[in-house]
There are 4 protein chains.
Amino acid sequence: MDKNLLLIQCRDKVGLVSSISHIISKFNCNITSMREFVDEPSKRFFTRVEFSGTIADERILLDDLLSVLPQDSKIKINPKREKRIVVLVTKEYHCLGDILTRHFFQSLHAEVCAVIGNHDVLQKFAESFSLPYHYVSHENKTKELFEGELKDIINVYLPDYIILAKFMRILSPDFIASFSDKIINIHHSFLPAFIGANPYRKAFERGVKLIGATAHFVTNDLDEGPIIAQQTIHVNHTFTVSDMVTAGKEIETAVLSKAMQLVFQDRVFISGNKTIVFE
Amino acid sequence: MDKNLLLIQCRDKVGLVSSISHIISKFNCNITSMREFVDEPSKRFFTRVEFSGTIADERILLDDLLSVLPQDSKIKINPKREKRIVVLVTKEYHCLGDILTRHFFQSLHAEVCAVIGNHDVLQKFAESFSLPYHYVSHENKTKELFEGELKDIINVYLPDYIILAKFMRILSPDFIASFSDKIINIHHSFLPAFIGANPYRKAFERGVKLIGATAHFVTNDLDEGPIIAQQTIHVNHTFTVSDMVTAGKEIETAVLSKAMQLVFQDRVFISGNKTIVFE
Amino acid sequence: MDKNLLLIQCRDKVGLVSSISHIISKFNCNITSMREFVDEPSKRFFTRVEFSGTIADERILLDDLLSVLPQDSKIKINPKREKRIVVLVTKEYHCLGDILTRHFFQSLHAEVCAVIGNHDVLQKFAESFSLPYHYVSHENKTKELFEGELKDIINVYLPDYIILAKFMRILSPDFIASFSDKIINIHHSFLPAFIGANPYRKAFERGVKLIGATAHFVTNDLDEGPIIAQQTIHVNHTFTVSDMVTAGKEIETAVLSKAMQLVFQDRVFISGNKTIVFE
Amino acid sequence: MDKNLLLIQCRDKVGLVSSISHIISKFNCNITSMREFVDEPSKRFFTRVEFSGTIADERILLDDLLSVLPQDSKIKINPKREKRIVVLVTKEYHCLGDILTRHFFQSLHAEVCAVIGNHDVLQKFAESFSLPYHYVSHENKTKELFEGELKDIINVYLPDYIILAKFMRILSPDFIASFSDKIINIHHSFLPAFIGANPYRKAFERGVKLIGATAHFVTNDLDEGPIIAQQTIHVNHTFTVSDMVTAGKEIETAVLSKAMQLVFQDRVFISGNKTIVFE
């Protein structure tokens with residue numbers, strides 16, 4: 001018996017759960033987990049269904065679903081299990097170290113196709129894992145040129161997701177638009193507090209008692225995309241900016257890891273500027 | 001449009017979600033939230049369905065469900081919103097204070113029918129909320145007699161749940177059996193660590209760095225019933241036993257409150273010695 | 001043997017710990033806990049010393065300390081154990097309920113002198129605890145007049161601290177200046193995120209995965225005073241604004257309670273726009 | 001100006017803080033942080049002092065301290081900053097991955113001298129970091145022989161600490177005694193809950209709502225040494241044993257990392273079966 005996964009988003013209407021579950025039962029399959037959510041403001045319906053059984057021809061299932069679902073429905077049947085990712089970095093290693101270690105032992109639920117850095121600091125580390133590292137400096141060139149070089153490399157690998165694992169360059173709306181809903185960033189603050197540069201310095205100056213990290217999809221506005229996961233930890237008056245940076249790295253790593261796991265297991269829907277996360 | 005709630009537990013079989021959701025859609029009702037879980041070891045199916053629409057006659061819905069569900073099914077349609085509870089206490093006030101404050105402002109989702117104490121320390125407090133307080137001393141009488149007196153008082157109020165809000169007497173299996181699946185206790189440790197008496201002293205002596213609290217249904221075995229909610233907080237070497245008791249009260253209050261909220265909203269199923277909690 | 005408490009803040013210089021501890025030892029007293037912190041940017045020294053032994057005449061100890069400490073030093077010897085507080089409220093009960101319950105059982109480390117509300121919603125509740133409740137409506141009068149009435153009542157009680165326990169009026173700089181470093185507020189967000197009104201609505205619209213609460217001293221700028229304590233809890237896409245408000249109340253209560261406990265035990269120093277908290 | 005560190009433990013008596021701080025001030029050094037604790041049951045005094053200034057001859061400072069401290073005092077002046085460690089593993093990679101990544105980027109505060117495994121699963125990984133990996137199988141030999149081989153290898157490296165990073169063999173009292181107060185273990189449960197083998201299976205069967213991890217020094221009794229750090233995370237009824245294992249790895253990694261950081265920075269004293277941790 002196979003384990004199958006079905007993802008649907010569409011306009012809400014009466015009887016969707018019944019229609020969908022009825023079709024699955026017609027295939028003699030058994031629903032082992034069904035999660036659904038209706039976003040009231042937008043009247044959109046989202047569901048994630050795990051079911052066991054054999055689907056001989058996925059096109060028949062798709063046609064059956066299309067026949068009962070609203071016209072605008074987006075349906076995914078058994079999306080690929082192992083996503084392809086490209087990781088962009090600058091100099092900080094903590095997120096990359098976590099990603100490559102999990103990748104080495106096949107627990108990332110994704111294939112790391114390549115690492116791209118705008119510095120070469122992490123090259124030796126990536127290569128010790130036998131992964132291609134592309135060093136693309138941003139210096140002495142326009143942003144357009146720099147991003148063109150990035151795009152050319154990324155496109156070779158046909159990634160499902162691009163992970164900004166402490167990539168410290170701001171990407172242009174054009175670049176982001178080329179990879180719509182595919183770029184995941186880890187931001188070193190509890191958004192929307194301390195948007196922009198130097199969040200730990202701002203946190204220090206404000207005298208906060210918690211610092212945080214936020215993993216989010218990247219959209220046109222800086223630090224403004226749909227949030228996937230967030231976490232905070234306690235700090236106190238003895239923390240210097242540097243101590244906060246150090247402490248923050250632990251949760252940056254943890255939050256990005258959590259977000260990737262959720263996304264790679266197809267547990268995250270994007271709905272406007274929010275995410276729906278079926279944990 | 002009414003908001004309805006349906007709770008079902010039964011033997012698992014193919015097509016349950018489809019059958020149940022189909023029946024609801026026949027009543028022209030819309031499922032707004034559906035949670036289900038199959039406990040693999042016991043092959044039991046549990047579901048909690050929120051749906052909007054009008055059910056003119058609940059008996060017809062019940063008959064429709066019975067006609068498709070396995071014979072052993074337990075079904076609840078629109079269980080009563082406001083549960084009746086009796087609270088048992090000894091001398092500590094923190095959980096009772098929280099319960100009575102929420103009750104006063106109608107945010108407990110339950111009606112506190114009475115407070116029973118084996119000491120009179122909390123009598124004045126309970127009465128300042130205009131609630132009946134029954135002082136039933138356990139002294140100079142057999143446990144059988146003591147529990148008989150408790151039962152007589154409790155039974156007058158026909159409670160849905162009995163809350164042991166830091167009630168420091170061990171109840172007999174007979175007493176517990178009289179109120180099967182109805183007694184909720186807050187235990188002052190992270191079970192199963194430090195079962196039994198003086199958990200904070202044991203925690204102190206062991207030098208732990210976290211202490212916890214556990215809310216659970218009470219069954220025959222001491223501290224052994226199905227766990228509803230648990231939480232921990234950090235302690236350190238400067239904590240005396242008394243400091244741990246003080247710190248522990250905060251999470252005891254929080255955990256019991258959380259557990260009551262989950263149970264009173266019919267989000268908790270008991271499955272053997274475990275709970276299924278649809279948060 | 002008495003337990004004594006000494007609080008000092010002054011300009012930093014070499015040998016302060018030695019000088020202070022030497023004087024205490026000359027009184028044949030034993031330091032049981034000594035916490036100190038030097039704020040590097042301002043070069044200010046802060047210490048909190050618990051010591052056991054008998055101080056027959058505190059003026060002699062004070063003179064000895066003054067003779068070795070820098071001229072600008074602020075010294076407190078055995079500040080009073082039980083602070084006097086006045087609590088300001090509007091309509092929400094959760095923080096007040098917690099305060100009055102702890103007060104009733106003498107675990108607040110403060111005496112609640114009175115409750116003042118700009119609505120009468122909480123009057124019956126406060127009075128059930130036999131506490132004076134002053135209903136001072138803000139309607140149909142200028143802010144100046146309203147605050148004048150508040151001040152007149154507050155000043156009768158000579159409070160050490162004024163607790164804004166979900167008091168939903170913005171106080172003028174003049175009012176705040178009258179009670180400098182004495183006003184503690186609970187803000188219903190993780191500052192500095194969502195400054196100002198309706199933080200839960202803003203959090204909902206932003207799609208955050210955590211919400212928070214902040215207890216802080218009140219200064220001239222709205223939501224900008226020194227932070228004493230903060231906490232966050234997880235939320236998800238299923239939370240409506242109203243669900244966030246409900247969930248937020250739990251941590252608002254917990255954070256304000258924590259902050260009061262720290263302040264009332266003289267564990268908090270204010271240093272510019274930050275606090276130093278010797279937990 | 002140098003940063004110095006002084007660690008003292010001794011019998012408690014009046015005036016210790018004064019004596020110690022006086023000696024430091026005589027060297028014209030400035031105390032930047034001083035933490036002290038008196039363990040009441042054992043009447044032992046512990047202090048950790050950070051001070052800036054130049055100590056030309058540490059022996060003179062030592063002699064001065066010895067002249068005022070009780071005879072049984074243990075004093076460490078400027079213990080070495082970078083500890084030497086040997087890491088013992090079996091098959092699980094998560095803790096080792098974290099250790100080697102931090103080591104690679106010099107943020108572990110320790111030098112990893114070697115990795116020893118009783119399986120060869122992690123050999124390739126360790127070697128990709130250019131570290132010696134010793135594969136010492138426990139099969140087909142007595143425990144005595146196996147431990148003898150371990151000891152011979154460990155002793156070559158003269159480590160300050162031996163890290164059991166998911167090393168799944170129980171070590172004999174003799175082996176442990178050879179490295180007294182030097183062995184740090186990560187236990188995959190919230191001790192003292194679920195002592196011994198298969199804690200996640202026990203946690204699953206008990207239906208707990210939290211699982212935890214514990215880092216501790218290893219003493220003769222299984223899972224019974226002084227606890228350094230602990231942490232818990234929420235689980236629910238949907239977690240299989242395997243899901244708990246997966247979730248548990250995250251906190252095992254985090255807790256061991258935290259404990260190592262505390263120990264390597266000389267923030268941890270052992271006092272009987274407890275630790276004193278000056279965070």
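User: Leaving aside its neighbours within four places in sequence, which residues is C:S172 in contact with?

Analyst: C:S172 is in contact with C:K143 and C:E147. Contact means heavy atoms within 4.5 Å. C:S172 itself is in the loop between β8 (161–164) and α6 (173–178) of chain C. Helices (H or I, at least four residues) and strands (E, at least two) are DSSP runs, numbered from the N terminus. Two notes on reading. This is a predicted model: local features need pLDDT of at least 70, side-chain atom pairs count only at pLDDT 80 or more, and totals for chains, interfaces and linings use all residues. Residues are numbered from 1 along each chain as its sequence is written, chains are lettered from A and ligands numbered from 1 in the order in which they are written, and side-chain values use heavy atoms, with hydrogens and water left out.

User: Does C:S172 count as buried or exposed?

Analyst: Buried means under 20% relative accessible area, exposed over 50%, partly exposed in between (1.4 Å probe, protein chains only). C:S172 counts as buried because its relative accessibility is 15%.

User: How many residues of helix α1 in chain A are buried?

Analyst: An α-helix has 3.6 residues a turn, so residues three or four places apart point the same way. In α1(A), residues 16–26, eight of the 11 residues are buried. Among them are A:L16, A:I20, A:I23 and A:I24. The cover includes β1 (3–11), β2 (30–39), β3 (44–52) and α2 (58–68) of chain A. After α1(A) comes A:N28, with a positive phi near 60°.

User: What rotation superposes chain C on chain A?

Analyst: Two copies of a chain are related by a rotation about an axis and a shift along it. Here the rotation is 180° and the shift 0.0 Å, with an RMSD of 0.0 Å. The copies are therefore related as by a two-fold rotation axis. In chain C, the C-alpha nearest the axis belongs to C:A193, 2.1 Å away.

User: How are the rings of A:F125 and A:F129 arranged?

Analyst: Rings of Phe, Tyr and Trp (its six-membered ring) pair if their centres lie within 6.5 Å; planes under 30 degrees apart count as stacked, over 60 as edge-to-face and the rest as tilted. The structure holds 50 aromatic pairs over all chains. For A:F125 and A:F129 the centres are 5.2 Å apart and the planes at 75°, so this pair is edge-to-face. A:F125 is buried, at 0%.

Key: Least-squares fit on C-alpha atoms with pLDDT ≥ 70 in both.
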